[in-house]
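Here are my notes on the model you sent. They are set out as numbered points, with the cut-offs given where each term comes up.

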Amino acid sequence: MHPRRLRSALVAVCALAAVSLAGAGPAAAHTSPPAHAAAVAPGLAPLTDLFAERLLVADKVAAAKYGTDKPIDDPVREQQILEDVAARATALGLDPEAVQAVFRDQIEANKLVQRGLYARWDAHPEERPTERPDLVKEVRPVLDRITTQLLGTLKDTERLRTSPSCEPRLGLAALRSAYGHELDALHSEGLVRALPSVCAD
């Protein structure tokens, strides 16, 4: 795998998706990607869809923490997640280190979105959230569900993720997910950050 080449390609793909969505009306925003993308990408789209869904939950995480003494970085919680997914990966017959790398990318992508939202809210107070979700009762159960789904999907896509076609498939899947979840530029950047560890070397 060539992380720089993959990142450059995915930045372009997701930027295109974000720009297209920014200028699209309600109907156009739901337009499906080109047919050739649909023919190639479905195998990894369930994975990138979960990445996108997790990134959108970052909005609630940020809303729960913004204006409090809770930092964006939470090393203790992050380590708990990584240890948990490693143990569950082993039970599924997956490489625990590879799975930890994928989840480490998800954590960093989530924090990237949170920082972007903080900056946006600092600059535009009128856009600040008006409600503070309960991080433990409302947000973490959603993240826990996505974690379980991600582990299962990593297992289901193991063959694809070790194939020579993984990188182009991943790029197309990311495009589909960016369109399907209507990701803006910030969340598209987060999606790019979530991807580097998906394809095996």
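Where is the place of Glu-182?

1. Glu-182 sits in the loop between helix H8 (166–180) and helix H9 (185–193). Helices here are DSSP runs of H or I with at least four residues, strands are runs of E with at least two, and both are numbered from the N terminus. Glu-182 is not a glycine, yet has a positive phi of about 55 degrees. Its relative accessible area is 38%, so Glu-182 is partly exposed. The classes are buried under 20% relative accessible area, exposed over 50%, and partly exposed in between, with a 1.4 Å probe and protein chains only.

2. This is a predicted model, in which local features need pLDDT of at least 70 and side-chain atom pairs count only at pLDDT 80 or more, while totals for chains, interfaces and linings use all residues. Residues are numbered from 1 along each chain as its sequence is written, and side-chain values use heavy atoms, with hydrogens and water left out.

3. On confidence: pLDDT is the predictor's confidence in each residue, from 0 to 100. The protein has a mean pLDDT of 86, with 79% of its residues at 70 or more. Residues 1–5 have pLDDT below 50, and the model gives this stretch 9 contacts beyond near neighbours in sequence. A contact means heavy atoms within 4.5 Å. Residues 14–41 also stay under 50, with 34 contacts beyond four places in sequence.

4. On the overall fold: the protein has 9 helices and 0 strands. Among contacts with a separation of 6 or more, 88% are between residues 24 or more positions apart. Of the 201 residues, 42% count as buried.

5. On helix H5: this helix covers residues 96–123, and its 28 residues should span 40 Å at 1.5 Å a residue; the end C-alpha atoms are 41 Å apart, which agrees. The expected span is 1.5 Å times one less than the number of residues. At the start of H5, the backbone nitrogen of Glu-97 has a side-chain oxygen of Asp-95 within 3.0 Å.

6. On the aromatic rings: the structure holds 3 aromatic pairs. Tyr-66 and Trp-121 form an edge-to-face pair, because their ring centres are 5.2 Å apart and their planes are at 75 degrees. Rings of Phe, Tyr and Trp (its six-membered ring) pair if their centres lie within 6.5 Å; planes under 30 degrees apart count as stacked, over 60 as edge-to-face and the rest as tilted. The pair links distant parts of the chain, 55 residues apart: Tyr-66 is in the loop between helix H3 (45–65) and helix H4 (75–92), and Trp-121 is in helix H5. Tyr-66 is buried at 13% relative accessible area, and Trp-121 is buried at 7%.

7. Leaving out residues up to four places away in sequence, Thr-147 touches Val-85, Arg-88 and Phe-103. Leu-135 is also in H6 and counts as buried at 11% relative accessibility. Beyond four places in sequence, the contacts of Leu-135 are Val-61, Ala-64, Lys-65 and Arg-140. Between Leu-135 and Ala-62 there are 73 residues in sequence and 9.5 Å in space, C-alpha to C-alpha.

Terms used: A polar contact is a pair of N or O atoms within 3.5 Å; within protein, one must be able to donate a hydrogen and the other to accept it, and residues adjacent in sequence count only if both atoms are side-chain atoms.
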